[in-house]
Protein chains: 2
Amino acid sequence: MQEINIILVGYGNVGQAFVNLLNEKSPYCQKKYGLDIRLRALFDIKFSSRFNEEGSFVFPKAVTIDEILNENADAIERVRSLYWQKEKTFLNVLQTIEPGVLVECILSKNRSGKSGFKYIQQAIINKWNVVTADKEPLVHSFSELLALTKKNCVQLKLSGATAAALPTLDVALLSLAGTEIQYFEGILNGTSNYILSEMTKGMSYKSALKKAQSKGIAETNPSLDVDGWDTAYKILLLANTVFQENFTLEDIDIQGIADIDEKIINKAVKQGEKIKLLGKLWREDKIRMKVAPELIGVSHPLYGVDGTNKGITFSTDTMSDVTVTGGKSDPKGAAAALLKDIINIYRLDYS
Amino acid sequence: MQEINIILVGYGNVGQAFVNLLNEKSPYCQKKYGLDIRLRALFDIKFSSRFNEEGSFVFPKAVTIDEILNENADAIERVRSLYWQKEKTFLNVLQTIEPGVLVECILSKNRSGKSGFKYIQQAIINKWNVVTADKEPLVHSFSELLALTKKNCVQLKLSGATAAALPTLDVALLSLAGTEIQYFEGILNGTSNYILSEMTKGMSYKSALKKAQSKGIAETNPSLDVDGWDTAYKILLLANTVFQENFTLEDIDIQGIADIDEKIINKAVKQGEKIKLLGKLWREDKIRMKVAPELIGVSHPLYGVDGTNKGITFSTDTMSDVTVTGGKSDPKGAAAALLKDIINIYRLDYS
């Protein structure tokens with residue numbers, strides 16, 4: 001049995017789902033993979049100033065939780081109450097226990113990614129692997145972080161940031177190994193897809209957005225989702241990982257769904273077609289990327305991807321098109337994607 | 001640059017496509033993965049008696065081809081003419097060059113898998129990894145071969161035998177790591193799916209079969225495909241690999257498509273539904289498997305999988321349903337799946 005130490009940063013919806021999942025899956029991971037995955041410390045940035053007056057980053061103090069996995073569900077509540085009682089800092093924990101995996105779940109919207117970057121950077125420097133659901137640090141500093149992982153011989157895995165339970169990177173990097181990916185296109189944002197699906201059933205954009213907000217599918221400020229940014233983030237991370245490039249958001253032409261009105265939807269419905277917010281990458285003289293709503297017909301492989309579902313089609317030279325759809329589109333699905341990445345870091349053989 | 005020696009066994013459609021693919025992809029594999037994949041020897045069982053009068057297996061003699069990858073396309077024809085000129089046996093090659101990967105492409109139908117088993121067994125004992133497109137040895141002796149790989153610290157990869165360019169095992173083992181797969185169902189045989197698709201367009205079973213045969217999609221004796229055996233093989237291999245079980249064909253209830261007539265198809269079409277040959281695994285008191293034609297509606301994730309296309313849906317506890325469709329359904333796609341498995345054996349890190 002291999003013991004794996006976990007430090008969790010970020011205790012929002014996804015972080016909490018991750019703790020619950022570890023509690024639930026601990027015996028399974030031990031039995032199936034021979035991995036004893038132990039949550040050893042938990043940090044949540046919202047309880048601390050992040051940058052001090054001089055502009056330096058100050059890591060919060062946090063509690064260290066030994067073997068939370070062996071506790072019952074109350075442990076999660078205990079974490080909250082214990083949170084500020086111990087005086088260990090993030091760096092102190094990184095440096096005093098055997099390196100394992102930093103799980104980075106800082107998911108607040110409209111961030112620069114600077115805090116997440118600091119956590120990831122320090123973890124890597126201290127020989128910790130990283131799995132993350134936080135897109136911003138990767139969007140802004142992927143190549144820098146990747147270089148750092150190579151230098152320190154650790155892994156950085158980003159399934160949680162690239163459509164989570166829908167496997168995108170695994171498929172592109174492993175299932176399509178040896179092929180050249182010529183283009184890909186995906187429905188990669190569940191919120192905007194939900195809104196478009198409701199509109200197809202007859203709702204106005206405003207009502208559909210409201211419904212999504214009331215169900216917790218859309219944020220109060222929905223811009224990240226409906227204006228195409230979240231899709232663009234994912235396209236960017238896929239492009240930079242798969243093609244080992246260094247693209248930025250400026251390389252992507254981004255258009256959201258806020259201008260889609262009932263007329264456009266009705267016309268599509270009459271033709272037996274659907275409007276979907278697609279993120280695309282293709283090759284002309286060079287690699288091009290865009291995010292935009294598009295009409296797709298019944299023969300399109302993503303035609304059946306409705307509601308909060310997501311999907312992606314990769315077109316390759318030697319394996320033709322491969323499409324993946326589905327994957328739980330909620331915090332539990334995101335947590336499951338984080339756990340998957342942890343398992344795959346440590347598993348040597350999967351035949 | 002890591003040099004990887006390849007021995008290819010079986011020079012039918014898939015074996016030939018594999019040699020062509022290696023020629024085509026050699027520079028790409030060097031640049032992208034740092035792998036110099038060299039075909040060092042080629043054997044084709046049809047040129048030799050396989051079992052002698054005492055019932056012992058006699059490996060054929062074969063030519064060794066150094067660096068065929070650096071030769072031009074004529075090399076492939078040269079292989080044929082050189083075939084019997086050298087006197088090295090399979091065992092001799094296995095034991096005299098640095099172990100790499102045996103690529104097993106013995107694909108003739110209606111075999112017991114005994115010849116393929118002998119090749120795979122000897123390769124593993126001599127510390128060679130194995131990637132295979134040959135289902136029969138795995139159907140009959142998977143657990144024995146798997147135990148042998150563990151003992152000899154090598155890998156046995158079977159993408160080529162489990163729907164090839166459609167990623168099934170990668171997704172089940174890697175993308176869904178940490179989940180429990182509760183059921184899966186797939187359209188896993190391109191030939192029968194092609195016939196059913198043609199019947200949906202109005203053809204009779206006999207005409208559709210004839211058309212498939214004239215296009216090289218169906219064999220002269222189509223039983224393996226249309227009677228559900230090929231689908232059953234794949235379901236069996238997936239079940240035994242994913243659940244580390246030791247099921248046999250007798251555990252699968254198998255029904256083919258030969259009894260599907262125009263009446264049944266017409267009724268389905270009228271209802272907006274389709275008949276598909278599904279291979280299924282689910283859990284009741286224990287794991288159950290069957291292959292049978294079934295009606296599926298427009299909301300089914302495999303509804304759009306027509307022609308020679310394939311697809312599979314995995315239903316999990318923590319990631320919900322994940323569906324994969326597509327993947328080139330021909331010898332080139334199968335060859336690409338073999339190459340993928342080779343790359344993934346040697347690649348240490350894929351973040």
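Predicted model: local features only at pLDDT ≥ 70, side-chain atom pairs only at ≥ 80, totals over all residues.
Q: What makes the area between chain B and chain A a buried area, and what is its value?
A: The value is about 4,100 Å². It is called buried because it is accessible area that the two parts lose on being put together, summed over both. Carbon and sulfur atoms give 52% of this area.

Q: What makes E180(B) and K25(A) a salt bridge?
A: Their closest N and O atoms are 3.9 Å apart. The cut-off is 4 Å, so the pair qualifies. Across the interface of chain B and chain A, the rule finds four salt bridges. Over all chains, the search finds 36 salt bridges.

Q: Why do D306(B) and K274(B) count as a salt bridge?
A: The N to O distance is 2.9 Å, and the rule asks for a value within 4 Å, so the pair passes. This pair links distant parts of the chain, 32 residues apart. D306(B) lies in the loop between β11 (287-296) and β12 (311-316) of chain B, while K274(B) lies in strand β10 (residues 274-283).

Q: What makes R288(B) and D285(B) a salt bridge, and what is the exposure of each?
A: The side chains meet at 2.9 Å, N to O, which is within 4 Å. R288(B) has 29% relative accessibility, between 20% and 50%, so it counts as partly exposed. D285(B) has 64%, over the 50% cut-off, and is therefore exposed.

Q: Which residues do salt bridges join into one network?
A: E185(A), K280(A), K290(A) and E294(A) are joined, through salt bridges that share partners.

Q: How do you know that D285(A) and R288(A) form a salt bridge?
A: Their closest N and O atoms are 2.9 Å apart, so they lie within the 4 Å cut-off. D285(A) is exposed because its relative accessible area, 63%, is over 50%.

Q: Are C29(B) and C153(B) buried or exposed, and why?
A: C29(B) has a relative accessible area of 2%, under 20%, so it is buried. C153(B) has 70%, over 50%, so it is exposed.

Q: Which members of the largest nonpolar core touch the most other members?
A: They are I7(A), I37(A), V103(A), I7(B) and V103(B), in a core of 220 residues. Leaving aside neighbours within four places in sequence, the contacts of I7(A) include F43(A), F90(A), V103(A) and W128(A). These count as contacts because heavy atoms come within 4.5 Å.

Q: What share of chain A counts as buried?
A: Of its 351 residues, 61% do. The test is a relative accessible area under 20%. Chain A exposes about 14,200 Å², with carbon and sulfur atoms supplying 46%.

Definitions and conventions:
Residues numbered from 1 in each chain as written. Chains lettered and ligands numbered in written order. Heavy atoms only, no water. Buried < 20%, exposed > 50% of the residue type's maximum accessible area, 1.4 Å probe, protein only. Areas by Shrake-Rupley, 256 points an atom, 1.4 Å probe, with all protein chains shown as cover. Core = buried A, V, L, I, M, F, W, Y, C linked by side-chain atoms within 4.5 Å. Buried area = accessible area lost by both parts, 1.4 Å probe. Helix = DSSP H or I, 4+ residues; strand = E, 2+ residues; numbered from the N terminus.
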